[in-house]
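Subject: A structure for you to look at

Dear colleague,

I am passing on a structure that I would like you to open and read alongside this message. Please keep the sequence beside it as you go.

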Amino acid sequence: MLFSSKPLLYLQLLDRSLRYLALDPKDHSVIDQNEIVFETTIVQDGKITNVPLLETRLDALVKEKKWKNAKTHILLLNDFVTVREETVPVQLAPSEVKDYLSLHINQSIRLPFDNPTFDFEIIEKSEGEQKVVIIAYPGEYVRQYQDILQNVSLKPVVADIAALCFHRLADRQGLIDQHPESHSLILEWNAYDHSIMVFNQDIPKFNRHSRSSRIEENWKLDKNGKWTWQNSQTELDEMLEDQLNGLERFLDFYRYSVLNDEGSVTDIILTGHYPDLLDLKSRLSERFAAAVHLLDIPDSLGQRFGALHGLSLKDNKSKTKKPLKIKSKFKNKEKEISEVKVSGEEEVYD
């Protein structure tokens, strides 16, 4: 081929590794994938703490693969994504809502961080008011992502949230029930952290992300990105039981405090890079009344590339509808994101 197109590049940062997926822009076939494992931590508590190391390795990758100026899509870390439902004056047109929210965020509308990048979706309108769901992320971290990508000669175009990517996949696999009484919980279960987001009729309703440094010490990551438990099976069972107790508290909180005992989670959609998701699925099915589904990821990718797979489907026009209207796009000239996605509530249900 005389002129070869740059691939579409999809990136995900984790505490000690960088996953990437490269697709042919014409047919969306996978042309490259890998997980680069670092000898030291590059992300801590959801913050990029070793920018020089990350940029050096990413720059070497871009030069090795000849990916300069490739359009790049990246997943934001789960720790800080925040979802809120708020009421705004009914007389506001959709084009006026963002200005209204910008004026009131961190005044009457409280978020857990200053200077957020956010997007919104109008979800309900009546004669007296209209409700919106707000999805926000710390603006400084969004700009940091963009700066890193631009510093290694990549073109940042889209940022997304893992839970929305998983929801996109689940919707296309027929796992999302659109009935008003159906509440689908996306459960990303990893070695020592997990993220939860509940959807009702495609609208994010509530979320939670948690991690445990105590549990982290008991897992070992090898050079291929595989996690191995370092202690006894009894200790692993005890750890899982403790985590399942926390999930049960969340489900009770969502049922009684969010839904006022007028509904509950009906489906749990499981994914993540926990080493034995089939065993975990069995434990969930035995413990909870909700139907438990394991997200189907192509064998050539595996569960650990599930979020990137879902991210790649956003631009595949030949697929079915997008489950959510909320998008995230980088504005290169203004160096900011115009729209964002969902997550992040404090654990208030214990």
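Below are the overall picture and then a few places in the chain.

This is a predicted model, in which local features need pLDDT of at least 70 and side-chain atom pairs count only at pLDDT 80 or more, while totals for chains, interfaces and linings use all residues. Residues are numbered from 1 along each chain as its sequence is written, and side-chain values use heavy atoms, leaving out hydrogens and water.

The protein chain has eight helices and 19 strands, taken as DSSP runs numbered from the N terminus (helices are H or I with at least four residues, strands E with at least two). Of its 350 residues, 53% are buried, meaning under 20% relative accessible area with a 1.4 Å probe, protein chains only.

Glu 121 sits in strand E8, residues 116-125, and counts as buried because its relative accessible area is 17%.

Phe 250 and Tyr 254 are stacked, because their ring centres are 6.4 Å apart and their planes meet at 20°. Both residues belong to helix H6 (residues 233-258), four residues or about one turn apart, and both are buried. Ring pairs also join Phe 250 and Tyr 254 with Phe 206 and Phe 253 in a cluster.

Best wishes

Methods:
Buried means under 20% relative accessible area, exposed over 50%, partly exposed in between (1.4 Å probe, protein chains only). Rings of Phe, Tyr and Trp (its six-membered ring) pair if their centres lie within 6.5 Å; planes under 30 degrees apart count as stacked, over 60 as edge-to-face and the rest as tilted.
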